[in-house]
Amino acid sequence: MYQKHNLVRLIFIPSDLGLCTSVLKQEMGKDAGPEERPKWDNKAQYLLTCIGFAVGIGNVWRFPYLCQIYGGGAFLIPYLIALVFEGLPLLFLELAVGQRLRKGSVGVWKTINPVIGGVGIGCLIVSFLVGVFYNTILAWVLWYFFHSFQEPLPWSTCPLNESRTDYNLECKKSTPVNYFWYRETLNITPDIEISGSVEWGMVICLASAWCIVYICFIKGIDSMGKAVYVTSTFPYLVLTIFLIRALTLPGATDGLLYLFTPDWQTLKNPRVWLDAATQIFFSLSVAFGGLISFSSYNEEKNNCERDAVLVGVINSATSLYASIPVFSILGFKATTALNACKDENILALTNHFEFSDQNITLQNYDYWYEYLNTTYPGKFQSLSLRECDLQKLLKQVLTPSYSTGLAFIVFTEAVISMPGSQVWAVLFFVMLFSLGLSSMFGNIEGVLSPLNELKLLPRWIPKELTSAIICLISFLVALLFTLSSGNYWVEVFNGYVGSVPLLIIALFEIIGVIYFRGMKTFSDDIYIMTGKRPNIFWKACWMVISPLLLLVVFVAYVIVQAQTRPTYQAWNPDYEKFPETEQKLYPDWVFAIIILLCVVPVISIPLVALYQLLRGRFRKSSVGMELNPYDNDAFVTDTQEQKTQRA
């Protein structure tokens, strides 16, 4: 009672009530909590941003590659199972918790329980590390884009040697496409321990890529929301153009048959199920923190369940949609190689058996091949003709182990033979850049939002300067990838930063929401936002199926990785089997860095939990302290944020 009287006396003693009210508002504003959170202009901006973040370069190349090596259509079975029981529940959980608590990845988990506050820090570290190497891929895209305007395309022919008397020997041993990628673009060293020099052309492309990211993100969601109208929709336009053109190419049908013909025996391989689970998990971009931040800019009354299903289905449908033009073009590439093989054999047969020109053609090649092999087996075998098998050539198209350079080797070689190759090359690399740029928005948001919530930067620093600092630091770190050995380090980051850490973070996200916040409270949260409670399917996935599946995938991944020492593929012109890549073991110090990349992003989870538990145990209790009735500071009122949380 005394406290209330004292407060009233403070308010009404001054003669100028308006002035006092203004002063009180200013004083109270200092501790009133965070400023009002920005909002999306409309629902389309939000959905396009989430779709752009989820759909990336991996949808265009990683998914078709997995379909090819794991039995075509048979791979869709474990993929869809993983989507339903792992991907969609995690996506729904992140969108719901971000929208309800209206905070970024750090604020959400600190609000639920400070013990799991390290989950948000883990999201921040993963988003930063992934953004650093992911934008390097965009720098490579810009490099190819700038060279796509040349006539002829620079990767279509070998350059001359230094004496200008013959073609470059390394290029002759491999192919013009491989030479342009490994030598002209990367100038790669034969070993990861040989750093080489900085490639200044790549530095310029990297700086350009980060400048574009900064310009699009300079105003936060205000500028990013405008950019996604282009970056999230343009790839679908280009994919449609490629689809129409690719289906008209010779051999397109063979490529599609190879893609969708199922090999059911592959389902017995446990590695198929493991790769399907990890593919859908990483494809949806969960556990990065970006989706939590994006959903926090929504209105509280929004159907986040429908949003999660929509984003997840569109993401998977995009992977299937992109596979059609990709495999049509690869079928065309294999058919072109088949015809070249047959032409070489036709020339050898015509000269040896002294046939007239045009006697043996591509149309009657199979007949003459079988006839001569049966009639003159001795002479026929002495020719050592090449084996021209379409199925083997289709396998050779995607034989190189999947890497970040696959798009820059396989497709660029196919586009050379397409009429108007410059136009198709430009369209392809603009599409790749749009896909990567929209994914970068989520990575940058996954860094900036937690930094603001951790209050590591003063509030007076404007958003534009904060974004510039993050982009500049990321650019300086990414200079590692502009070295001649940079491609090897991109492979290291790509293979290990986005694997074990994300699995662990996602597992603790489910534990935090379901077992710290509680299933009942979370169901009430969803009821407030959507007007209905989650059904039994969502509850079963969150409480049992999804965490169990994540745990199984994590254990299986660790077992598979622990069976053999990590290796990498080196481009070594002195290798005896060149132009095949040389498989090498990672040195001990690189292996130590790999372990750090797996551990550092998630070490914050146990450290923060331990700190909070010790802090709660040893913090001095102030319950018995005597309050001074004459000191207004002794009576602490609830902040607006605390009232909102309690409500």
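Buried means under 20% relative accessible area, exposed means over 50%, and partly exposed lies in between (1.4 Å probe, protein chains only). Please keep in mind that this is a predicted model, in which local features need pLDDT of at least 70, side-chain atom pairs count only at pLDDT 80 or more, and totals for chains, interfaces and linings use all residues. Residues are numbered from 1 along each chain as its sequence is written, and side-chain values use heavy atoms, with hydrogens and water left out.

**View 1. The whole chain and its confidence.** The chain has 27 helices and two strands; helices (H or I, at least four residues) and strands (E, at least two) are DSSP runs, numbered from the N terminus. Of its 647 residues, 51% are buried. The average pLDDT, which is the predictor's confidence in each residue from 0 to 100, comes to 86, and 88% of the residues score at least 70. Contact means heavy atoms within 4.5 Å. Among contacts between residues at least 6 apart in sequence, 81% join residues at least 24 apart.

**View 2. Asn-303, in the loop between H15 and H16.** Is Asn-303 buried or exposed? Asn-303 counts as buried because its relative accessibility is 19%. Its side chain reaches the backbone nitrogen of Arg-306 at 3.1 Å, and a polar atom of that side chain lies 3.3 Å from the backbone nitrogen of Glu-305. Leaving aside residues up to four places away in sequence, Asn-303 touches Met-529 and Thr-530.

**View 3. Asp-307 and its partner Lys-43 in a polar contact.** Asp-307 sits in helix H16 and is buried, with a relative accessible area of 1%. The side chains of Asp-307 and Lys-43 are joined by a polar contact of 3.1 Å. Such a contact is a pair of N or O atoms within 3.5 Å; within protein, one must be able to donate a hydrogen and the other to accept it, and residues adjacent in sequence count only if both atoms are side-chain atoms. Beyond four places in sequence, Asp-307 touches Lys-43, Tyr-46, Leu-47, Leu-95 and Asn-302.

**View 4. Leu-347, an exposed residue.** Leu-347 also belongs to helix H16, which covers residues 304-353. It counts as exposed because its relative accessibility is 53%. The C-alpha atoms of Leu-347 and Thr-361 are separated by 10.0 Å, with the two residues 14 apart along the chain.

**View 5. Helix H11 and the helices around its buried residues.** In H11 (residues 221-231), the buried residues are Ile-221, Ser-223, Met-224, Gly-225, Ala-227, Val-228 and Thr-231. They pack against helices H3 (43-54), H10 (200-217), H12 (234-247), H15 (290-296) and H21 (421-454).

**View 6. The largest cavity, with a volume of about 60 Å³.** On a 1 Å grid over the protein atoms alone, a cavity is a set of points where a 1.4 Å probe fits but cannot get out, and lining residues have an atom within 4 Å of a point. Which residues line the largest cavity? They are Val-60, Leu-239, Phe-242, Pro-325, Val-326, Ile-329, Phe-411, Phe-428 and Met-431. H16 gives the largest share of the lining, three residues. By class, the lining has nine nonpolar, no polar and no charged residues; Ala, Val, Leu, Ile, Met, Phe, Trp, Tyr, Cys and Pro count as nonpolar, Asp, Glu, Lys and Arg as charged, and the others, Gly among them, as polar.

Methods: 1 Å grid on protein atoms, 1.4 Å probe; cavity = no way out; pocket = protein on both sides within 12 Å on 5 of 7 lines; lining within 4 Å. Points joined across faces, edges and corners; volume = space filled by probe spheres on them.
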